[in-house]
Amino acid sequence: MKKRWLIILGILVIVIIGGVINVKMLHYTSEPEFCAKCHPEKNFGPGGEFYSWEHSSHAEAGVKCLDCHGRPGLVGYLQAKLGGLKDLYNEIFGSEEEKLAKLENPPKDLVPNETCLFCHSDEVNQAIRKSRLMQLAGLKFRLLDEVQNPGFRETFWLPDILKVDRIKGLYIPHAAHLENDLHCADCHKGMIHRAAKPSMCTCDKCHQENGGPELSDCALCHQIQEELYFGKKVREFAGTPSPMAESEVSCEDCHGSGDCASLRPDVSKACASCHEDELEDVLQSYRDKAREIKNSLQITTKMFEETYRSLLQKGEEQKLVRLKEIKYVLDEVAAGDPTGIHNGDFVLDILKRLRKELASLGK
Ligand code: HEC
Ligand code: HEC
Ligand code: HEC
Ligand code: HEC
Ligand code: HEC
Ligand code: HEC
Ligand code: HEC
Ligand code: HEC
């Protein structure tokens, strides 16, 4: 009985390797649409890998299945193609239950950190590029093998995560954490196919067990909110504290403390404890400020994009460096206080100063 399967497998292998050698066939069987034939569900769960990929920012950026499912380099690509034969074999001879069980519990190292770091850091990218054959005779099989950092990363305004410890105003030392044998997906839960962002509870659970920082130290991680609220410098932009900070209202007074899962304030309740008599007025002023910031953010972002395009066209290298810094501050402020509750006036002031600079850069 076993022998018969081996023969069938043998035939399959021959037929497919014949096809695989053909470059056109290689391309065709590497496209997400081909994978979708056997991973066809229209949801974010097992079987829906094409669907979830289609809805990810990676897809938008042109990062496809084999850019993650396959090690960098020509050998990595061919290994991934051969691995595909196992998929085909299991599709034909395995049961639907077995397939779902496999897809529900992917092995932890299915996509090793190295693959992600190839695109998301400079060091790993350069080390691998030096040590492996990336392409053969100029044939292009997939994006991954063409990625060269810092250039690739910068096209997408992505940070080098092994060097930059502050992302959109949040302090997250990636390098130190990765030393502890952590996998990207431990924090970036179910990276693309389950689509969940890092959560505070993931951080806190491990920190409690392993002597990391206390959850109550909000400002350690949430640096941008701390800077805005207390009117400290955001990069070179100085400001004044929010009136509530001056009256010694603390982060916990609005956010509460304790449970990592419920620190987002319910605005109507959180404000009532201090502003009971004037609650309607205070909430109205909050909404007005939020609208003003939203408008200002939109205008500044649009202006940024126009200036970027024009500087790129003119090839103004030095001005582009400064523009990068402006983008950094813009992103931090947008993430740190999109409604102005922490310090609306400071946010508006920063945005105004950014616009002024954009105008002069664009001249
Ligand atoms: C002919 C059907 C078929 C096609 C086409 C197919 N797959 Fe699969 N795939 C399967 C089956 C069945 C499994 C589960 C059993 C297994 O691990 O082989 C699977 C499992 C996987 C796994 C999990 C492997 C593991 O070890 O847990 C990955 C990753 C994967 N496929 C990626 C892809 C990618 C990327 C493509 C397109 C390049 C693709 N598949 C095309 C049938 C297919
Ligand atoms: C081929 C290069 C490439 C590979 C491989 C890659 N990424 Fe990305 N990644 C990108 C690009 C490009 C973007 C920017 C997308 C955008 O513009 O929003 C991105 C965005 C991200 C983001 C921010 C946006 C989001 O969706 O949350 C995270 C986090 C991320 N990648 C993590 C990972 C992880 C984890 C892996 C490995 C499982 C990985 N990346 C593999 C190129 C890559
Ligand atoms: C200890 C938890 C943790 C680990 C492990 C981790 N990250 Fe992150 N990462 C974060 C947090 C938190 C952020 C910032 C907030 C966010 O993007 O939601 C972030 C941000 C990023 C960003 C920037 C996203 C942006 O919006 O610009 C990229 C890219 C990224 N991580 C890639 C990776 C890759 C690749 C790995 C594995 C090599 C990894 N991360 C491992 C927690 C982690
Ligand atoms: C940005 C990197 C990235 C891209 C692009 C990507 N995957 Fe994945 N994939 C992962 C990671 C990481 C896992 C491990 C489990 C997890 O974290 O979701 C995974 C898991 C899987 C699994 C195992 C079952 C599961 O649902 O977890 C399959 C099958 C799979 N991917 C297929 C695909 C297919 C098909 C595509 C293209 C349509 C694709 N992947 C694109 C990173 C990626
Ligand atoms: C698997 C365990 C683990 C997870 C998950 C984890 N951390 Fe940590 N983290 C640690 C440990 C252990 C330390 C203390 C290490 C030290 O002091 O050198 C630490 C320290 C830190 C520090 C202080 C570092 C410094 O330079 O003072 C910050 C900030 C931090 N973690 C942020 C985060 C964030 C944000 C997350 C969630 C997105 C997270 N961590 C998830 C284990 C973890
Ligand atoms: C160890 C780092 C760390 C500490 C300490 C920390 N946070 Fe967070 N917090 C995070 C991360 C990571 C996220 C999710 C990623 C993101 O939003 O960029 C987050 C998200 C949040 C959110 C949005 C969550 C949601 O459900 O929408 C709020 C609100 C918040 N934190 C408030 C606080 C407050 C208040 C404190 C202090 C009592 C605090 N955090 C302490 C790391 C931390
Ligand atoms: C006056 C009340 C108040 C104070 C004081 C306050 N916050 Fe907030 N914070 C809020 C509200 C309300 C939100 C929800 C934002 C929204 O939707 O308007 C928020 C949102 C956040 C978020 C999530 C940002 C996001 O949207 O992902 C973080 C993180 C945060 N605050 C941290 C802090 C830190 C750190 C401090 C102290 C330095 C602080 N806050 C002080 C009311 C407050
Ligand atoms: C712990 C008490 C406390 C809480 C909780 C609190 N505030 Fe305040 N708030 C104050 C104090 C004190 C001042 C400063 C004195 C004043 O102007 O009345 C203030 C001032 C204000 C002002 C006028 C000054 C400015 O920043 O423009 C607004 C608006 C405001 N708070 C909105 C809110 C909102 C919205 C919430 C809920 C998310 C909230 N506050 C929660 C105590 C609090």
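User: Are H20 and H21 roughly parallel or roughly antiparallel to each other?
Analyst: This is a predicted model, in which local features need pLDDT of at least 70 and side-chain atom pairs count only at pLDDT 80 or more, while totals for chains, interfaces and linings use all residues. Helix H20 (residues 279-314) and helix H21 (residues 317-336) pack with axes 11 Å apart, at an angle of about 160 degrees; helices are DSSP runs (H or I) of at least four residues, numbered from the N terminus. Axes are lines fitted to C-alpha atoms over the stretch in contact, and angles run from 0 to 180 degrees between N-to-C directions. Angles under 35 degrees count as roughly parallel, 65 to 115 as roughly perpendicular, over 145 as roughly antiparallel and the rest as oblique, so H20 and H21 are roughly antiparallel.

User: How many residues in the contact of H20 with H21 are nonpolar?
Analyst: Residues are in contact if their C-beta atoms, placed from the backbone, lie within 7 Å. Among those that meet are Leu-297 and Phe-304 in H20, and Leu-320 and Ile-326 in H21. Ala, Val, Leu, Ile, Met, Phe, Trp, Tyr, Cys and Pro count as nonpolar, Asp, Glu, Lys and Arg as charged, and the others, Gly among them, as polar. Two residues of this contact are charged, three are polar, and the nonpolar ones number nine.

User: At roughly what angle do the axes of H21 and H22 cross?
Analyst: H21 and H22 are roughly antiparallel to each other. The axes of H21 and helix H22 (residues 344-362) come within 11 Å, and the crossing angle is roughly 160 degrees.

User: Which helix gives the most to the shell around ligand 7?
Analyst: Residues are numbered from 1 along each chain as its sequence is written, while chains are lettered from A and ligands numbered from 1 in written order. The shell holds 18 residues, with His-222 and Cys-251 among the closest; a residue is near if its C-beta atom, placed from the backbone, lies within 6 Å. Helices H15 (218-221), H16 (223-229) and H18 (251-255) each give two or more residues. With four residues, the leading contributor is H18.

User: Which helix supplies the largest share of the shell around ligand 5?
Analyst: Ligand 5 is surrounded by 20 residues, including Cys-203 and Cys-206 among the closest. The largest share is five residues, from H14.

User: How far apart do the C-alpha centres of domain 1 and domain 2 lie?
Analyst: Domain 1 spans 2-154 and domain 2 spans 221-362, with bounds from an automatic or database domain assignment. Their C-alpha centres are separated by 41 Å.

How values were computed. Two residues are in contact if their C-beta atoms, placed from the backbone, lie within 7 Å.
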